[in-house]
Amino acid sequence: MKIDYKSNKLKKRLTDAREIQKSFGVNAKRVAQRIFEMENSPNLEVLKQIPAANCHSLKGNRKMEWAVDISANHRIIFEISQDPLPSKDDGSIDLANVNEIKILDTEDYH
């Protein structure tokens, strides 16, 4: 999948091994693993099939955002960056054709 980042600072924090360790400590390996899984999944449908990632859409005022798990409370938050949004005949998102995302942040939103 093609991944963009909200900022260069965020990209460095999530892709540079020393920055990952400094920012996430005990969760550093999980962060690196999730980024690896996101980069190597051909589309969002495949990413959703990885149990440990628990890829899911968010609700409420974050309706257009998605997340993957880092730990019990922490998530990598992203949005689909394709325009137009791939959709099925019934209006739902065609996850098999979503192959461009933009990582917005990491956070504990619980």
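Partly exposed means a relative accessible area between the buried limit of under 20% and the exposed limit of over 50%. R62, with a relative accessible area of 22%, is therefore partly exposed. The model described here is predicted. Its five strands form an open sheet of mixed pairing, in the order β1-β5-β4-β3-β2. The edge strands of this sheet are β1 (2-5) and β2, each of which pairs on one side only.

- Strand β3 spans residues 65-69 and is mostly covered, five of its five residues being buried.
- In a regular strand, side chains alternate between the two faces of the sheet.
- From β3, E65, A67 and D69 point one way, while W66 and V68 point the other way.
- Residues on both sides of β3 are buried, the charged E65 and D69 among them.
- On one side, β3 runs antiparallel to strand β2 (residues 56-57), and two bridges join them.
- W66 of β3 is the bridge partner of S57.
- β3 also runs antiparallel to strand β4 (residues 74-80), with five bridges between the two.
- In this pairing, V68 has I76 of β4 as its bridge partner.

**Strands β4 and β5**

- β4 pairs with strand β5 (residues 100-108) in the antiparallel sense, over seven bridges.
- Across this pairing, R75 stands opposite E107 in β5.
- Helix α1 (residues 8-15) packs on the sheet, where it touches β1 and β5.
- The direction of α1 makes about 75° with that of β5.

**Helices α1 and α2**

- The axes of α1 and helix α2 (residues 17-24) come within 5 Å of each other and cross at roughly 90°.
- Angles of 65 to 115 degrees count as roughly perpendicular, so α1 and α2 are roughly perpendicular to each other.
- On the α1 side, the contact is made by K12, R13, L14 and T15.
- On the α2 side, the contributing residues are A17, E19, I20, S23 and F24.

**Salt bridges**

- The count of salt bridges in the model comes to six.
- R34 and E37 form one of them, with their closest N and O atoms 3.0 Å apart.
- Both R34 and E37 lie in helix α3 (residues 28-40), three residues apart, which is about one turn of the helix.
- Buried means under 20% relative accessible area, so E37 counts as buried at 10%.
- R34 is buried as well, with a relative accessible area of 7%.
- The side chains of D69 and R75 meet in a salt bridge with an N to O distance of 2.9 Å.
- D69 and R75 are both buried.
- A salt bridge also joins the side chains of R62 and E107, at 2.9 Å from N to O.
- E107 lies in strand β5 and R62 in the loop between β2 and β3, so this pair ties together parts that are 45 residues apart in sequence.
- E107 counts as partly exposed, at 23% relative accessibility.
- R62 is likewise partly exposed, at 22%.
- E65 joins R62 and E107 in a network of salt bridges.

**Q82 in the loop between β4 and β5**

- Q82 lies in the loop between β4 and β5.
- With a relative accessible area of 16%, Q82 falls under the 20% limit and is therefore buried.
- A polar atom of the Q82 side chain lies 3.1 Å from the backbone oxygen of N97.
- The Q82 side chain also reaches the backbone nitrogen of N99, at 2.5 Å.
- Leaving aside residues up to four places away in sequence, Q82 touches N97, V98, N99 and E100.

How values were computed
Residues are numbered from 1 along each chain as its sequence is written. This is a predicted model: local features need pLDDT of at least 70, side-chain atom pairs count only at pLDDT 80 or more; totals for chains, interfaces and linings use all residues. Side-chain values use heavy atoms; hydrogens and water are left out. Buried means under 20% relative accessible area, exposed over 50%, partly exposed in between (1.4 Å probe, protein chains only). Helices (H or I, at least four residues) and strands (E, at least two) are DSSP runs, numbered from the N terminus. Two strands pair if DSSP finds at least two bridges between them. Contact means heavy atoms within 4.5 Å. Axes are lines fitted to C-alpha atoms, for helices over the stretch in contact, and angles run from 0 to 180 degrees between N-to-C directions. A polar contact is a pair of N or O atoms within 3.5 Å; within protein, one must be able to donate a hydrogen and the other to accept it, and residues adjacent in sequence count only if both atoms are side-chain atoms. A salt bridge is a side-chain nitrogen of Lys or Arg within 4 Å of a carboxyl oxygen of Asp or Glu. Angles under 35 degrees count as roughly parallel, over 145 as roughly antiparallel, 65 to 115 as roughly perpendicular and the rest as oblique.
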